[in-house]
Amino acid sequence: MAKASLSYVCSSCGAATSKWSGRCEACGAWNTITEDAGISAGPPKKTLGKSRGRTVPLTDLSDEEAPPPRTSCGMNELDRVLGGGLVPSSAILVGGDPGIGKSTLLLQAAAQFARAGLKVIYASGEEASAQVRMRAQRLGLADASVKLAAETNLRDILTTLEAEAPQLVIIDSIQTMWADHVDSAPGSVSQVRAAAHELTSFAKRRNTSVIMVGHVTKDGQIAGPRVVEHMVDTVLYFEGERGHQFRILRAVKNRFGPADEIGVFEMTGAGLAEVSNPSALFLSERGQPTPGSAVFAGIEGTRPVLCEFQALVAPSPHSQPRRTVVGWDGGRLAMILAVLEARCGIPFAGLDVYLNVAGGMRISEPAADLAVAAALLSAREDTALPAECVVFGEISLSGALRPVGQTENRLKEAQKLGFTSAIVPEGGKSGGTSDMALTRMSDLAAFVGEIFGAG
């Protein structure tokens, strides 16, 4: 039998090559190419094409073959991100920065699922069982019927799971798991991929939900090959700033619910507490209206969320003005500055521009364009926007304002928090919000002339 050829994988981006090189051609990283030992191919005498799988008609599922319903843990924010609860046989990957609270969140979730009637096993490869128990006592979860395991050998973990037959398994973390049939160090690309593959296969085969914790790299991506994200059903990112007390659980992939859904938690001395009204939290530190501040009514997943954009425009002492952005896309800021200069005749040359989303929130939807432009113009003209006014709309390169989706939900959330007026593009649906004073704008020049008296 011919010897299997070796392959090499980049530990940064997961790109595979047939030969080793010092620099990855896909991502450009240096000294990240490592030898990839393949996953075990199963029993040696088994040949492809001899065994047959069983097919089931889609329209004729019996009660035994149909999956049971979702399980709600009682943490509404977590259930929302999962799409309504935990789906049986699902594989979930949770990533986040070190110390952000991933283990605390999952330990609280394990206790809640156990109280909901599930048999739960919490397998930790980073802490001893006594350390996990100590944290559970601090969180007030010592009475939860969760079984603990401190193990890194994947074979031993799978053997235990086969015997115990739990309904939920939490692996903390996937980078510490070690498969003895792969000749590489724990945490390498081959080990992470093999462990994720075996755990996902176990979840589908034994009707067990598996939640895996994944470390993230310095650029915020889950460490290891991106193929791990394709293996699992749901990918969640646990985000937050060290200087703020709240954390955001964001779904970037979900086969059983909406993507980009968020759940908001607040870090307290007794663990993570749910935040039922994140808009009020993000605007809680907002004082009197000041120049450079604009409130944006956005949509995160299926829920409307209000946040504050803060801008500062100051003369630059350097020949190259600075453009600093926190919580938004820097390329889109450059586009809006160019549109303001080309279509409205408002230059920002020789001015430093700083843009920040208050509270550490990250905004990605184009509907924030008009709020960013309003904050920039307010800072440049030293004129504050009305206190009880929200702004949203997409700006095109021609300077026209385009309507955005879910206008009615945005306005309802703003009205709930006491806002009485809104600046929106023409054409958006706004039924049921007759109590709010709507100012509709067709293009950016009209917006500048109406609000700031120039254009």
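Modeller: Happy to! Start at C389, whose bridge partner in β20 is S421. What we are viewing is a predicted model, so local features need pLDDT of at least 70 and side-chain atom pairs count only at pLDDT 80 or more, while totals for chains, interfaces and linings use all residues. Residues are numbered from 1 along each chain as its sequence is written, and side-chain values use heavy atoms, with hydrogens and water left out.

Strands and helices here are DSSP runs, numbered from the N terminus (E, at least two residues, for strands; H or I, at least four, for helices). Strand β17 (residues 389-391) is joined to β20 by three bridges, and the two run parallel; strands pair if DSSP finds at least two bridges between them. Strand β20 also has five bridges to strand β21 (residues 437-441), again in a parallel arrangement. There, P425 stands opposite M441 in β21.

How covered is strand β20 (residues 421-425)? Mostly: five of its five residues are buried, meaning under 20% relative accessible area, with exposed being over 50% and partly exposed in between (1.4 Å probe, protein chains only). In a regular strand the side chains alternate between the two faces of the sheet. Here S421, I423 and P425 point one way, A422 and V424 point the other way, and all are buried.

I100 lies in the loop between β4 (91-96) and α2 (102-115), and counts as buried because its relative accessibility is 1%. Not counting residues up to four places away in sequence, I100 touches F238, E239, G240, R247 and M267, where contact means heavy atoms within 4.5 Å. G101 sits in the loop between β4 and α2 and is buried at 11% relative accessible area. With its neighbours within four places set aside, G101 is in contact with F238, M267 and L272.

Finally, a helix contact: L154, L158, L161 and E162 in α4 meet A194, A195, E198, L199, F202, R205 and R206 in α5. The residues of this contact divide into seven nonpolar, no polar and four charged.

Methods:
Ala, Val, Leu, Ile, Met, Phe, Trp, Tyr, Cys and Pro count as nonpolar, Asp, Glu, Lys and Arg as charged, and the others, Gly among them, as polar.
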